[in-house]
Amino acid sequence: MLTPETILKSTFGYDAFKPLQREIIANVQARRDTLVIMPTGGGKSLTYQVPALLFDGLTVVVSPLIALMKDQVEQLRALGVSAVFLNSSLSPEEYQENMDAVKSGQSKLLYVAPETLLTPRIYSLLSSLKLDLLAIDEAHCISEWGHDFRPEYRQLVDVRRKFPSAVCMALTATATPRVCDDIESTLGFTKSNKFLASFNRENLFIEVKPKREPVAQTLKFLENFKEQSGIIYCFSRKQVDELAATLARYKYSVRPYHAGLEDSDRRRNQEAFIRDDAQIIVATIAFGMGINKPNVRFVIHFDLPKSIESYYQEIGRAGRDGLPAHCLLLYSYADASKIRYFIDQKEEPERSASYQHLDAMTRYAEGSVCRRKPLLSYFGETYSQENCATCDNCGMDESDLADITIPAQKFLSCVKRSGERFGAAHVVDILLGSENEKIQKYNHHELSTYGIGKELTKSQWMHISRQLVEKGLLNQEPAYRVLSVTVKGLEMLKSREQVRGQINEAQKKERGARVKSSEFEYDKSLFSLLRNKRKELADEAGVPPYVIFSDKTLVEMAGYFPQSRESLLNISGVGKVKHERYGNDFLVIIKEYCRSNKLDEKYKAPMREKDDAGRRYVAVGEAYNAGESLENLMARYDVTADTILNHLARFIQAGNPLRSAEDLISLSNLSPDQQMDVFKAFDHMGSDMLKPVYDKLNGAVNYDELRILRLCYLCEKR
Ligand code: ADP
Ligand code: ZN
């Protein structure tokens, strides 16, 4: 029998659903209209592809980008699923062929652009068939509040009216409440069928570094990503061209991408990147919308993005396949001023809005709390974990940090006393009591700070200087690197507030290594052989390599060394059809490699045996409904009340009812009147995001309380 689970394994080759996928599919199967809000890489496509295979009739997928349609259809065909697209890129013959495939019922999935959907030809085709599912991808295009409004999307309302028996899905990665409400009301959806996934992308390592020598920093970074795909974002076309040329001089395979290039060049460069013919793309923000490449292993922001929203979108293009990916932002004041200069040219009210976006961005870059906190709170989500372990501010234990107040004070006063006219190296020379010419020339041996820093080495002082810039206590002027003390630095000197930081740079490297060690272990040379095979097969078939197998699949092959058909089928991403088509090609390589290197197959537990932690919230919700107390649940799973509340919230959001709110309300410390105010705020602002409610109540009610009361609210509302 066909079930979502059997399709997931046999067609897609995956072991388990990602968060919310299963609930969304069930909702669609029950023919309830569904709004899906998930970050890039969350696995949205599967949520309509699986129902499409379960329904008898046709599924129409509306997608705005021709390149993406083609990509999806290629991926489905590689899985043995017959899908076609209809758009202006097809020749008349191809168009007719695809129409026929739909008419005969041979293709159960049809991808179309919104404007195509409304042509009489398609309309009469659809009227002659049973249309079961209408999936609207990139649904934020329907909203004028979205960042990518497309008027032709508005017409989808008519399409939906004309096919009332088809269930409708709208999918987007834009989480702003305004856009979501707009999508729902335009399409006439009811509230209870919204699924909002977490926007936390666990596999992304997020890092911000002060921008000192950006080219050298980039080259150093790239040394750790040999042959791995990545995107480097720059502010201007000129910068793109320069950096691309520099990297090419260092023998990197790199292509530029920006609006100043001919269409055909842009397309060619993008294609080279997608097909793994070029390793790196250096681009302005114009790049990324139309690509689905799942194995982007790093994203570097060479320049400062103009808002958190675009930053999040851009780093989101890394690691769609769920494997670790690294996001590096190079940050400098100078970049912020550059953007400010452009904002100055704008008119109100756009100008104020742009300033606010930029301010949020610089605050983020300068911040010292977990990167995930401000990032997710921007989307109204609270990140409550203490330490994410995968951002630059968290990877470090507090114990790695030393009290550097005294050295910081020495350094800042030395900068001040030498007149804020020199770079770090000279300031360090003064602190160390050097007798060089420059010191003599400026009479700096007469300063009270001369020679007061002999307890540290030159490189330790340089490292401290960089940290002070990073912390915003010092400003470094970009052209000559002249240091000056910021207002924040002066305050620190006055208040004698403690400064924490590192004495030795070496610690930072160790930390990187520690983060890496938690990754899945696999044989890099075997991976490289498998990747070459994949490229060869992909070129033969004229498709991007990831259509054959994802990196994740190759990583598992190079980690478990499967030797038989059965164990190969057990690898994530190996479904029946791909196994038939390509299984042997890869098996031969793995076996040969294992023989010559005396390696044995490692056991990979099949799906059934694994603890499915991703679906724990279902178990928690069901146990709660069966009458189990919160205390019991906390003890059973050995987790905090917070975690249980999160599970219950997800359980409700997935469309399940909850027994009663009584146990829950007893957790709240607010008076009934105060609780009433919070409920009213939920009525006004909706309950998907806590931040708007928090703001509406002027921060008077903390997030822990809001989480408890939201649950009660949702519980009562049903
Ligand atoms: P989105 O459209 O939300 O950005 P995609 O649908 O492109 O995400 O999915 C991102 C990646 O995750 C794809 O490579 C897809 O094949 C993979 N994927 C989706 N669902 C699963 C799953 N249940 N298990 C493993 N991988 C999955
Ligand atoms: Zn963190």
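What follows is a chat about a predicted model, moving from its sheet to a helix and then to a zinc site.

Trainee: Which strands make up the open sheet, and in what order?
Mentor: In this predicted model, seven strands form an open sheet in the order β3-β4-β2-β5-β6-β1-β7, and their pairing is parallel.

Trainee: And which are the edge strands?
Mentor: The edges are β3 and β7, each of which pairs on one side only. From one strand to the next, the twist averages 20°.

Trainee: Let's look at β1. Is strand β1 covered or uncovered on its faces, and which residues sit on each side?
Mentor: Strand β1, residues 34-37, is covered on both faces, with T34 and V36 buried on one side and L35 and I37 buried on the other.

Trainee: Moving to β4, which way do its side chains point?
Mentor: From β4, residues 109-112, L109 and Y111 point one way while L110 and V112 point the other way, and all of them are buried.

Trainee: What sort of unit do β3 and β4 make with helix α5?
Mentor: Together with α5, which spans residues 92-103, β3 and β4 make a right-handed β-α-β unit.

Trainee: Which strands does helix α4 lie across?
Mentor: Helix α4, residues 66-78, lies across β3 and β4, and its direction is at about 165° to that of β3.

Trainee: Switching to α26, why is that helix described as largely enclosed?
Mentor: Helix α26 covers residues 551-560, and because nine of its 10 residues are buried, it is largely enclosed by the rest of the structure. The buried residues include D551, E556 and Y560.

Trainee: What do those buried residues pack against?
Mentor: They pack against three helices, namely α24 (524-541), α27 (565-569) and α28 (576-597). Just after α26, F561 takes a positive phi of about 50°.

Trainee: Now the metal: which residues are the protein donors of the zinc ion, ligand 2?
Mentor: The donors are the SG atoms of C370, C388, C391 and C394, lying 2.3 to 2.4 Å from the zinc ion, and along the chain they follow the spacing C-x17-C-x2-C-x2-C.

Trainee: Where do C370 and C388 sit in the chain?
Mentor: C370 lies in the loop between α16 (350-366) and α17 (372-378), whereas C388 lies in the loop between α17 and β14 (402-403), so that this pair, 18 residues apart, links distant parts of the chain.

Trainee: Are those two cysteines, C370 and C388, buried or exposed?
Mentor: C370 is buried, with a relative accessible area of 5%, and C388 is buried as well, at 10%; the cut-off for buried is under 20%.

Trainee: Last one, why is the arrangement around the zinc ion called tetrahedral?
Mentor: The four donor atoms subtend angles of 99 to 119° around the zinc ion, which makes the arrangement tetrahedral, since the criterion is that all angles lie between 85 and 135 degrees.

Definitions and conventions. Residues numbered from 1 in each chain as written. Chains lettered and ligands numbered in written order. Predicted model: local features only at pLDDT ≥ 70, side-chain atom pairs only at ≥ 80, totals over all residues. Heavy atoms only, no water. Donors = N, O, S within 2.8 Å, 3.2 Å for Na, K, Ca; no water. Tetrahedral: all angles 85-135°; square planar, octahedral: opposite > 155°, others 65-115°. Helix = DSSP H or I, 4+ residues; strand = E, 2+ residues; numbered from the N terminus. Buried < 20%, exposed > 50% of the residue type's maximum accessible area, 1.4 Å probe, protein only. Right-handed = clockwise from strand over helix to strand, strands pointing away. Contact = heavy atoms within 4.5 Å. Pairing = 2+ DSSP bridges. Axes fitted to C-alpha atoms, helices over the stretch in contact; angles between N-to-C directions.
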